[in-house]
Amino acid sequence: MQPIISISNVSKTYATGFEALKSISLDIKRGEIFALLGPNGAGKTTLISIICGIVTASTGQVLADGHDIVRDYRAARSKIGLVPQELTTDAFETVFDTVSFSRGLFGKPRNPAHIEKVLRDLSLWDKRNNKIMTLSGGMKRRVLIAKALSHEPQILFLDEPTAGVDVELRRDMWNMVRDLRETGVTIILTTHYIEEAEEMADRIGVINGGELILVENKAELMRKLGKKEMLLHLDQPLQAVPASLAEFDLHLARDGHELIYVYDTQGERTGITTLLRGLADEGIRFRDIETRQSSLEDIFISLVKDRT
Ligand SMILES: Nc1ncnc2c1ncn2[C@@H]1O[C@H](COP(=O)(O)OP(=O)(O)OP(=O)(O)O)[C@@H](O)[C@H]1O
Ligand SMILES: [Mg+2]
């Protein structure tokens with residue numbers, strides 16, 4: 001199937017000369033939830049802003065549902081809903097009017113029933129006649145989401161939607177995201193919360209220093225997460241892993257003083273017993289043993305640290 005968003009060689013150098021994105025290429029699949037993970041300043045908002053036509057790319061091309069986001073801006077933008085990272089709302093308007101007006105901006109005919117549904121889903125219906133400035137921070141964030149959904153977009157971007165949001169709103173938001181996905185909406189979110197990406201996303205992309213350094217199915221990352229390492233401190237250094245132990249995923253470290261065995265905790269058996277027997281048969285003795293499990297957080301931190 002044709003990707004719903006296709007990003008080819010997009011780079012961005014800001015007027016200050018700062019290179020915020022370095023040739024990003026990425027396809028977003030129709031109907032998936034894609035999480036973009038990265039530290040502060042990685043380029044997440046820049047990338048989203050380019051796709052939404054708020055920032056102009058220095059090079060490259062983006063297609064949204066087949067429409068070039070520059071040449072065919074209106075058609076592309078009408079497919080997209082954006083919940084921005086920063087709270088920006090018109091303070092003096094009422095909730096209902098703000099959200100209705102957003103729909104009009106995309107040239108869609110008035111549809112009070114749809115606006116009502118969106119406001120009810122976000123528990124904003126009671127506040128529909130309130131001026132925005134009288135709402136709490138969390139409610140303002142809900143209004144931003146309502147605005148993004150006002151024109152029934154096929155693609156929804158959520159830029160740090162749960163930063164500074166309470167547990168209840170976070171749960172409501174994730175339920176809403178799942179419901180939207182059920183209706184076929186494609187969702188791209190950025191988050192600092194790795195657990196959130198772990199819970200919500202079908203695929204995860206890691207961005208750092210303007211480079212997309214990894215794009216993987218969550219299931220595949222979870223498989224990596226299931227990996228464990230056993231570290232054996234050897235009595236005598238080894239030159240090479242003996243051929244009789246070739247079936248094991250073994251690596252030598254620290255000039256042959258350490259033997260590292262990587263195994264899958266989710267596998268049927270770890271192979272540790274057989275390995276230890278094999279080591280004894282080879283006359284390889286060890287002084288100490290340690291095990292260590294990698295988490296998505298470990299993977300993320302090591303990926304991001306390696307590059308800086
Ligand atoms: N208008 C601008 N002019 C110059 N530099 C900018 C501009 N906007 C962003 N940058 C720089 O580009 C880099 C990427 O910023 P961006 O907002 O895309 O990061 P981010 O990944 O969204 O970070 P955060 O997690 O903090 O939201 C940062 O170093 C930022 O300072
Ligand atoms: Mg950002």
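1. What covers the buried residues of helix H9? The cover includes strands E11 (227–234), E12 (250–253), E13 (258–264) and E14 (286–293), with contact meaning heavy atoms within 4.5 Å. Helices (H or I, at least four residues) and strands (E, at least two) are DSSP runs, numbered from the N terminus. Bear in mind that this is a predicted model: local features need pLDDT of at least 70, side-chain atom pairs count only at pLDDT 80 or more, and totals for chains, interfaces and linings use all residues. Residues are numbered from 1 along each chain as its sequence is written, chains are lettered from A and ligands numbered from 1 in written order, and side-chain values use heavy atoms, leaving out hydrogens and water.

2. H9 spans residues 272–281, and Leu275, Gly278 and Leu279 in it are buried (under 20% relative accessible area; exposed is over 50%, partly exposed in between; 1.4 Å probe, protein chains only). Seen down the axis, the buried residues fall within an arc of 100°, so they line one face of the helix; the arc is taken from the directions from the helix axis to the C-beta atoms. Thr273, Arg277, Ala280 and Asp281 are exposed on the other side.

3. Glutamate 160 isn't a glycine, yet has a positive phi of about 55°. Arginine 254, also not a glycine, has one of about 45°. Most residues other than glycine have a negative phi.

4. Where do these two sit? Glutamate 160 is in the loop between strand E7 (155–159) and helix H6 (167–182), and is buried at 4% relative accessibility. Arginine 254 is in the loop between E12 and E13, exposed at 57%.
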